[in-house]
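Welcome! Have a look at the picture before you start.

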Amino acid sequence: MASDETIGTRLVNTLDDLHQRYDNAADGVRTYIPTLVTISELILAVGLFAMLAYWLLLYFG
């Protein structure tokens, strides 16, 4: 700890570091979430289409 560093300065530096880490984590989440949502929607759409086809086969077949 430098002699000219006060508790307030250390607190502000720590909060700045914490804010930067949060921003980095948020950027990482924003990068991967759209891809995961798109994959989930595709899986759900294929599953619902298969269920509809099965139901139509049972109903009309």
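A residue is called buried under 20% relative accessible area, exposed over 50%, and partly exposed in between (1.4 Å probe, protein chains only). This is a predicted model, in which local features need pLDDT of at least 70 and side-chain atom pairs count only at pLDDT 80 or more, while totals for chains, interfaces and linings use all residues. Residues are numbered from 1 along each chain as its sequence is written, and side-chain values use heavy atoms, leaving out hydrogens and water.

**Exercise 1. Find the aromatic pairs and classify them.**

Step 1. Rings of Phe, Tyr and Trp (its six-membered ring) pair if their centres lie within 6.5 Å; planes under 30 degrees apart are stacked, over 60 edge-to-face, and the rest tilted.

Step 2. Searching the whole structure gives two aromatic pairs. In one, Trp55 and Tyr59 have ring centres 5.3 Å apart and planes at 10°, so this pair is stacked.

Step 3. Trp55 and Tyr59 are four residues apart in helix α1, so about one helical turn separates them. Tyr59 counts as exposed because its relative accessibility is 56%.

Step 4. The rings of Tyr59 and Phe60 have centres 4.8 Å apart and planes at 80°, so that pair is edge-to-face. Together, Trp55, Tyr59 and Phe60 make one aromatic cluster.

Step 5. To finish, compare with the cut-offs: Trp55 is partly exposed at 48%, and Phe60 is exposed at 64%.

**Exercise 2. Locate the salt bridges and say how exposed their residues are.**

Step 1. Side chains of opposite charge can pair when their charged atoms come close. A salt bridge needs a side-chain nitrogen of Lys or Arg within 4 Å of a carboxyl oxygen of Asp or Glu.

Step 2. The whole structure holds two salt bridges. Arg21 and Asp17 form one of them, at 3.2 Å from N to O.

Step 3. Arg21 is exposed at 57% relative accessibility, whereas Asp17 is partly exposed at 40%.

Step 4. Asp27 also bridges to Arg30, with the closest N and O atoms 3.0 Å apart. Since Asp27 and Arg30 are three residues apart in helix α1, about one helical turn lies between them.

Key:
Helices (H or I, at least four residues) and strands (E, at least two) are DSSP runs, numbered from the N terminus.
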